[in-house]
Amino acid sequence: MITLRRAHERGHANHGWLDTYHTFSFADYFDPRHMGFSVLRVINDDTVAPGMGFGTHPHADMEIVSVVLEGALSHRDSMGNSSVIRPGEVQRMSAGTGVRHSEFNPSSDEPVHFFQIWILPDRQGLPPSYEQKAFPEAEKRGKLRLVASPDGRDGSVTIHQDASLYQAQVTSEESLAQPLTAGRKYYLHVARGSVVLNGERMAAGDGAKLVDEAELRLESPDSGEVLLFDLP
């Protein structure tokens, strides 16, 4: 079964410096029907204006994954990490027992567009940790590229949960078919462009829950980029 959630159905707030869409309840957006899916708690689609960002703030007991689509995002945290995340890169921060961090757009003229994803960890009280890796665009064309997993396989970042995140790009010249594991749940989010998922047309910002589906089939009338979550 596929359950669609269209882009316009998400929570939305425009703070001037931050234009943000929430797939699941977050901050001032609350909908008891959309509190997450399995261990996937947050998908925030954020655009931050030049020279602006999130000041230092705390997190605990959460796996936080950031995926940058356009622009650059500067990161600092209380573990001593200082980095810039660019398109094609994925950052994982395990908040564990507690961490403070800030995120900032270092550009003077370009916005940064990125996803912030929260996944519930498999246990509380983990020591905080950080990881950042780059994944070439060629590895995502017409195929699912694993970028986060519980065991760090295939060079992915490691998250403390039985969940995996894939990125893929499809065009009119490419299609993608992947068998799905019985008993698992899947969530697909269209990051850019448009795709056709098992016959359902989806545009940027649309999402879909997949439960008891035997196969995932992706096509695109022009081009599209997706995030796919494999969840317990």
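Analyst: What follows is a walk through the salt bridges and the surroundings of their side chains. This is a predicted model, in which local features need pLDDT of at least 70 and side-chain atom pairs count only at pLDDT 80 or more, while totals for chains, interfaces and linings use all residues. Residues are numbered from 1 along each chain as its sequence is written, and side-chain values use heavy atoms, with hydrogens and water left out.

Side chains of opposite charge can pair when their charged atoms come close. With a salt bridge taken as a side-chain nitrogen of Lys or Arg within 4 Å of a carboxyl oxygen of Asp or Glu, the structure holds 13 of them. One of these joins Glu131 to Arg92, at 2.9 Å from N to O, and this pair links distant parts of the chain, since Glu131 lies in strand β12 (residues 129–134) and Arg92 in strand β9 (residues 89–94), 39 residues apart. Strands here are DSSP runs of E with at least two residues, numbered from the N terminus.

For accessibility, buried means under 20% relative accessible area, exposed over 50%, and partly exposed in between, with a 1.4 Å probe and protein chains only. Glu131 is buried at 17%, and Arg92 is buried at 6%; together with Lys133, these two residues are linked in a network of salt bridges.

In another salt bridge, the closest N and O atoms of Arg145 and Glu139 are 2.7 Å apart; here Arg145 is buried at 15%, whereas Glu139 is partly exposed at 31%. Glu215 and Arg217 also meet in a salt bridge, at 3.6 Å from N to O, with Glu215 partly exposed at 31% and Arg217 partly exposed at 39%.

Notes. Helices (H or I, at least four residues) and strands (E, at least two) are DSSP runs, numbered from the N terminus.
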